[in-house]
Amino acid sequence: QFSLAVMTALGQGGPANDAEVRRLFTLAAEQGHTSAQYGLGRMHKQGLVGPKNFAGARLFFQLSAEQGDAAAQFELEMMHLEGLGGLENLAEARRPCAPAELRLGEAPLCDGLVPAPPLAPPTLTPPPLAPPTPPAPPKVAP
């Protein structure tokens, strides 16, 4: 499902379709696919296929970050710093960066903090899929 979602997003094999990409990412994310969870986080944060949903973005970034996805850890850190999708939390903002850096074999760059314990499980539920917006009716010339 993830590969098909990427192909659909790129318009390979047919026109690009954000609603279908979101549906396929959701199926893959439910099976624990980290890149699909990250992709859903980006879609929620950017407002693709519906209004921007920072709480939903934070949830999907957290799910992906818990599995070690460095990009999701960075996005989650930034959302905590900016207070998007929840309260601003500088302590939480520093937590996601240590595991990714340690996984890469580098010294932690989190202001000298000791690597944090794993993130707490999310307490949010994924938001429902928004129905597709119908196309505008064609304009009739006078």
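**View 1. The S64 side chain meets the backbone of T34.** A polar atom of the S64 side chain lies 2.9 Å from the backbone oxygen of T34. A polar contact is a pair of N or O atoms within 3.5 Å; within protein, one must be able to donate a hydrogen and the other to accept it, and residues adjacent in sequence count only if both atoms are side-chain atoms. The model is predicted: local features need pLDDT of at least 70, side-chain atom pairs count only at pLDDT 80 or more, and totals for chains, interfaces and linings use all residues. Numbering starts from 1 along each chain as its sequence is written, and side-chain values use heavy atoms, with hydrogens and water left out.

View 2. S64 sits in α4, residues 54-66. Helices (H or I, at least four residues) and strands (E, at least two) are DSSP runs, numbered from the N terminus. S64 counts as buried because its relative accessibility is 0%. Buried means under 20% relative accessible area, exposed over 50%, partly exposed in between (1.4 Å probe, protein chains only). Not counting residues up to four places away in sequence, S64 touches T34, Q37, Y38, D69 and A72. Contact here means heavy atoms within 4.5 Å.

**View 3. Helix α3 and its cover.** Helix α3 spans residues 34-46, 13 residues in all. From first C-alpha to last it reaches 18 Å, close to the 18 Å expected at 1.5 Å a residue. The expected span is 1.5 Å times one less than the number of residues. Which residues of α3 are buried? They are A36, Q37, G39, L40, G41, M43, H44 and K45. Their cover includes α1 (2-10), α2 (18-30), α4 and α5 (70-82). G47 follows α3, with a positive phi near 80°.

**View 4. The largest nonpolar core.** This core has 11 residues: A5, V21, L24, F25, A28, A29, A36, L40, M43, L59 and F60. The elements giving two or more residues to this core are α2, α3 and α4. Helix α2 supplies the largest share, five residues. A nonpolar core is a set of buried Ala, Val, Leu, Ile, Met, Phe, Trp, Tyr and Cys residues joined through side-chain atoms within 4.5 Å. Leaving aside neighbours within four places in sequence, A36 is in contact with F2, F25, A28 and A29. A second, separate core of six residues includes A57, F61, L76 and M79.

**View 5. Aromatic pairs.** Rings of Phe, Tyr and Trp (its six-membered ring) pair if their centres lie within 6.5 Å; planes under 30 degrees apart count as stacked, over 60 as edge-to-face and the rest as tilted. The count comes to two aromatic pairs. F2 and F25 are stacked, 5.6 Å centre to centre with 20° between the planes. F2 belongs to α1 and F25 to α2, so the pair ties together parts 23 residues apart in sequence. F2 is partly exposed at 23% relative accessibility, whereas F25 is buried at 9%. Y38 and F61 are tilted, 5.6 Å centre to centre with 45° between the planes. This pair links distant parts of the chain: Y38 in α3 and F61 in α4, 23 residues apart. Y38 is partly exposed at 21% relative accessibility; F61 is buried at 0%.

**View 6. The whole protein.** The protein has seven helices and zero strands. Of its 142 residues, 30% count as buried. Among contacts with a separation of 6 or more, 45% come from residues 24 or more positions apart.
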